[in-house]
Every structure is written in structure tokens, then in C-alpha cells.
Amino acid sequence: MINELYIDGQGITSNFGVHLQQYGLKQLIQMPAFKSVDVTDWAEEDGVEVDLSAPVLNSRKISLQFVAEDYGYLQDFYDFLNNSARRTYSFATLNKSFALRVLNCNTVKIGTNIAQITVQMQEDSPTVPTGTAYALGASEVTQRLLEIDDIDFSQFGVWVLKGTVDEIVKLGNTKTALTVNPKKVAGVIYDSTKAVKIKTRDIKLKFLIDAPNVTAFWERWNALFATVMSAGEHTLYSAQALMTMQCYYKSNSVSKFDVLNNGKVWCEFTLTLTVIKSETAVPTDTLLATESGEIVIADSYNAIIIE
């Protein structure tokens with residue numbers, strides 16, 4: 001069957017009469033988070049110092065739902081799953097395989113004409129994908145809103161969704177200076193002689209991949225995460241917000257994933273980055289005069305002619 005799931009080469013529908021429910025596929029797409037990295041927080045400096053020389057991915061849990069017309073089919077299938085600690089799950093819909101280990105099956109629903117079980121699994125050893133961004137202008141994405149490490153997000157074939165730039169321009173919380181709270185004095189005594197410093201913060205960037213097929217989806221997905229998961233700090237730039245940020249990958253969540261009947265893939269997801277330090281660019285204006293006496297205010301973003 002075209003959309004069948006194969007476990008160690010055995011089709012679950014043809015061998016057990018069991019079907020995988022497709023809406024659980026988004027958990028397979030979702031990338032795992034980084035394990036905690038070593039952080040040094042200096043009170044007199046903005047942000048933090050982070051050791052990103054060799055970040056590693058955490059394991060991840062995945063819940064998949066299976067249905068059958070008879071509970072006996074599910075019982076045989078579950079017995080098969082437990083015959084081995086770890087198996088290779090090949091998803092024809094995704095054209096991708098995963099090494100997964102069964103943790104439990106605590107949810108069973110028996111209906112009049114259908115039986116359903118939810119199996120929780122774990123991917124013990126996830127890997128960082130490999131991939132390369134498109135040349136600028138090679139994808140159908142026409143936005144030019146965000147860059148990471150001088151790569152425009154359109155080169156990953158992703159659309160920036162509403163609210164992402166708003167998330168970027170939010171101000172971080174301030175670090176707390178020395179504070180004394182005497183019992184016999186109203187309020188607190190706060191050291192306000194030091195310059196205000198900003199804490200690190202997380203930003204949630206919302207994106208969409210609208211790919212013509214599964215192969216194109218993986219090209220885009222892998223290129224994006226190969227970039228953001230690579231070692232070292234990354235530079236995020238928003239021309240609209242005039243902001244540059246030093247950041248690193250934290251986690252990913254997928255809110256919607258569909259493989260349509262025509263083969264197209266629709267994936268809405270959130271990329272969470274931890275901002276180490278941010279800067280707001282201040283454009284430098286230049287006054288120019290034309291031969292006709294018009295004054296031109298020129299900056300790096302636009303030119304305005306004033307009569």
C-alpha cells in the first residue's frame with residue numbers, strides 16, 4: 001500500500017490489519033530540543049556567555065495512534081511491537097525511516113466497529129540533518145524579512161508567518177542589581193548606579209513550508225535545521241525591525257502537518273531560539289542636494305525626496 005507503515009520491513013496493514021492515523025505524523029517531523037548547554041551569566045554584561053562548541057540533541061518521545069476493525073488485530077500488532085526493544089519504522093508517506101523504541105501502550109479505546117491504541121515511543125539517538133540552502137531567488141518564497149548567518153529564510157523555502165517580527169522586537173527583562181530589603185525600612189534599597197543590563201530570552205519564530213512534494217519538503221526542512229543546529233552562535237537579522245541578534249537553537253514544535261492528496265506538503269511550525277544578545281541598528285542619514293535644488297535624505301533602507 002502506498003501509505004503503509006513498515007516495521008522492520010513488515011507492512012502493518014497487510015500483515016496485521018492495522019492502520020496508522022496520519023495526524024500523528026507531525027510528531028515525527030518535529031525536531032528534538034538541544035540538551036542544556038553551559039551558560040555563564042555576568043551581572044555587568046548584557047545576555048550570557050554560552051558554550052556552543054559541541055551542542056547535542058536530546059532524545060524525544062513520540063505518540064502514534066493505530067486503528068483496526070477488530071481489537072484482536074491490535075493485540076497481535078502490539079505483541080509484535082514488543083518482540084524487539086528497538087525497530088526501524090519506515091513511513092511511506094514521509095519517505096523516511098526512524099529507529100524507535102516502544103515505551104508503553106496505556107491508551108486503548110474499543111468502539112462498536114473500531115479499536116484504537118496509542119503507543120508511546122522514543123527516538124534514543126536523533127541526529128542533526130544535513131542540507132544546503134537554495135540560491136537566493138531559487139524558491140517560490142518572495143519574502144525578504146529575516147536572515148540567519150547571512151542566509152535569507154526564503155532560501156530555505158519557508159514563509160515567515162504573522163507575529164514573528166513582533167516576537168523579535170519584544171524587549172528582554174532587565175537583570176536585577178544588588179537589592180537590600182531591610183526590615184525597618186519601607187520598600188527596598190536598589191543599586192541604581194550601575195547601567196541596566198538585559199537578560200537572555202527565548203523568541204518563537206513561526207514559519208510555513210508549502211512544498212510541492214515530500215522530497216522538496218525534506219530538502220527545505222533539512223537545510224533549515226542543518227543551519228540552526230550547527231555549532232556556535234548564530235546571527236539573526238530582521239530588516240523590518242532593524243535588529244541583529246546573537247542566538248542559538250533551543251527547540252522546535254509542529255502545529256500542523258499534512259500531506260495532501262495531490263502530494264503537496266503543508267507544514268506550520270515554530271522555531272524557538274535563545275537570544276544571547278541583541279542590537280538595534282541605527283541608520284545613518286545622508287543629506288544630498290540635486291541640481292534642481294531638491295533635498296534627498298538617503299539611508300541604507302530607502303530614499304525620500306523632499307520638495
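Predicted model: local features only at pLDDT ≥ 70, side-chain atom pairs only at ≥ 80, totals over all residues.
The lining consists of Val141, Gln143, Arg144, Leu145, Leu146, Asp152, Phe153, Ser154, Val158 and Val160. A cavity here is a set of points on a 1 Å grid over the protein atoms alone where a 1.4 Å probe fits but cannot get out, and lining residues have an atom within 4 Å of a point. I noted a volume of about 30 Å³ for the largest cavity, and a count of one cavity of 30 Å³ or more; volume is the space filled by probe spheres set on points joined across faces, edges and corners.

**Sheet.** I traced an open, antiparallel sheet of seven strands in the order β2-β1-β7-β8-β9-β6-β3. Strands are DSSP runs of E, at least two residues, numbered from the N terminus; two pair if DSSP finds at least two bridges between them. The edge strands, β2 (10–11) and β3 (19–20), each pair on one side only. Strands β6 (residues 60–68) and β9 (residues 115–123) pair over nine bridges, and phenylalanine 66 stands opposite isoleucine 117 in β9.

**Positive phi.** I recorded a phi near 50° for aspartate 8, in the loop between β1 (5–7) and β2. Leucine 242 has a phi of about 55°, in the loop between β16 (234–238) and β17 (243–259).

**Conventions.** Residues are numbered from 1 along each chain as its sequence is written. Local features need pLDDT of at least 70, side-chain atom pairs count only at pLDDT 80 or more, totals for chains, interfaces and linings use all residues, and side-chain values use heavy atoms, with hydrogens and water left out.

Note on methods: Helix = DSSP H or I, 4+ residues; strand = E, 2+ residues; numbered from the N terminus. 1 Å grid on protein atoms, 1.4 Å probe; cavity = no way out; pocket = protein on both sides within 12 Å on 5 of 7 lines; lining within 4 Å.
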